[in-house]
Each structure stands twice: as structure tokens, then as C-alpha cells.
Amino acid sequence: MKIKFIIAYDGAAYFGWQRQNTKKSVQGTIEGALQQIFQQEVLIVGAGRTDRGVHAKQQVATATLPKEIPLHKLEKSLNSLLPDDISIYHIENAEDDFHPCFSATGKIYRYHISTKKTLNPFSRHHHFHYPYPLDLDLLQAAIPIFIGTKDFSAFAKQIEKEGSPNPIKTIYSITLNPTEEGFTLTFHGSGFLYKMVRNITGALIGIAAKKITFQELEKILHSKKNTHNLLQAPAHGLSLEKVLYD
């Protein structure tokens, strides 16, 4: 019995999504709850590996259950066993050929920046605090540099290792929106490389802070090498908003 989960979690207390032998992960915590229910190991596969401290509103995962169980009952049981910072929003049957990662047609990430002089303590795990002057008109003007199908090696980490994913990705849009705390950047793309969203966010902040020029930014992108010293936005400001499927 193959099922599909929709999961939300606050990543502040976890060493990322992926299960680890000695550290607490989101995947490992959910698998532990499933093991309590079925009294045997049940592994889950996620749509992507969020880093330590990164959050998700609609992570997608699948599991093959060892026996039939009413899905509403499973959802209730899982949520009763999981900690308050992980919630299962929905469970449904999945087709045998559905894969949460390889079947995805795109993802939406959102990065939250607080520009307030003093950070709201309730925002400390969910916003990057940057209380310095920023020209958001410059940031908006720099966004088209990243739009389209490009080699994003310069904005990923360890992309040259054997077996690394294809660095050619498509960014459909990056949307700047003001908020009460500061602003957000929403990324819609075909897929994203390891730390790509955080590196692009850091680059755009660098533009807005007038620490880098448009020409320098384009040169870095075209270099296809992550040898620059641009700001990497910290993990806790990032949230996986949605995984898209046809």
C-alpha cells in the first residue's frame, strides 16, 4: 500500500530533513512514529532534502505501508505521536509510479528577511535579520539576471563532485514582496541545487546593499564556479512552500 503525505514542519530543532544516525532529523522522526504504529521499520522518501534549520509548509513524501490501514486513522495516529513542530496535513493513496522527487515539475521556496533595527523574538527562527540599508529597487532590477534556464554552478555547493545533479535549472520567477518585518523573496523554479536559493538571496542582498555591481554578479554567474565571497543567506530564513506536480 503506497501512500503520499503532505507534511509541514518547523526545522529549527532538526538537523535537516534527511535521516541521520546520531542527530535528529524530520525524516527520521516521522519514520520513528510509523515504526511505533506498525511495529516494524517503514521508510519514507521525500521530495527534497531541506538543510538544518530550513522549514517546510508542504513537503511531499511517500511510503509503502506493510498493511492496509484507513488513511484518516493513520493521519490521526501520526499526528498524535509526532512533536508539535511536525504536522501531517494530508495522506492519500499514491500510484505505483509516483515519486515525490522525480515526478515533481517544480518547487516554490520563500526566503524571509527582517530589516527591522531590533528583531522580533518570534521571528528569530524564521527570518534572516539584516538591519542595514538596502535599496530594494536595485534588488528588483537585478532579479532578471537569474530568470530563465541557466547553469547555476556558481550559486551551488559541491556541484563538481561525481554524481552531482545537473546544474542546468530553470527559474521561472523571483518575486519580491514587502512584509511587516521587511520583505520576502519567492522562488519558483524547475528545481534547485544545494544551497542555490540561499546563495542567490545573498547575492541579491549584496546588490541591494551596494556591495556588488550588476556586472560583477553576471560575471560570477557566467563563471560557473563557486569561488566568490558573496553572502550566503542563513538556513533559518528559508521555507519550502510547495512541491508542484502535473
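I call a residue buried when its relative accessible area is under 20%, exposed when over 50%, and partly exposed in between (1.4 Å probe, protein chains only). By that rule Lys-2 is buried, at 19%.

Notes on the model. It is a predicted one: local features need pLDDT of at least 70, side-chain atom pairs count only at pLDDT 80 or more, and totals for chains, interfaces and linings use all residues. Residues are numbered from 1 along each chain as its sequence is written, and side-chain values use heavy atoms, with hydrogens and water left out.

Strand β1. I placed Lys-2 in strand β1; strands are DSSP runs of E, at least two residues, numbered from the N terminus. Eight of the eight residues of β1 (residues 2-9) are buried, so the strand is largely enclosed by the rest of the structure. I checked both faces. Lys-2, Lys-4, Ile-6 and Ala-8 are buried on one side, and Ile-3, Phe-5, Ile-7 and Tyr-9 on the other.

Neighbouring strands. Strands pair if DSSP finds at least two bridges between them. I found β1 antiparallel to β3 (residues 55-64), joined by seven bridges. Tyr-9 has Ala-56 as its bridge partner there. β1 also pairs with β4 (residues 86-93), antiparallel, over seven bridges. Ala-8 faces Ser-87 in β4.

Around Lys-2. I looked for contacts (heavy atoms within 4.5 Å). Leaving out residues up to four places away in sequence, Lys-2 touches several residues, including Thr-62, Thr-64, Glu-92 and Phe-98. Its side chain reaches the backbone oxygen of Phe-98 at 2.5 Å. A polar atom of that side chain lies 3.1 Å from the backbone oxygen of Asp-96. I also noted Leu-65: its C-alpha is 6.2 Å from that of Lys-2, though they are 63 residues apart along the chain.

Technical notes. Helix = DSSP H or I, 4+ residues; strand = E, 2+ residues; numbered from the N terminus. Polar contact = N/O pair within 3.5 Å; in protein donor to acceptor, adjacent residues only side chain to side chain.
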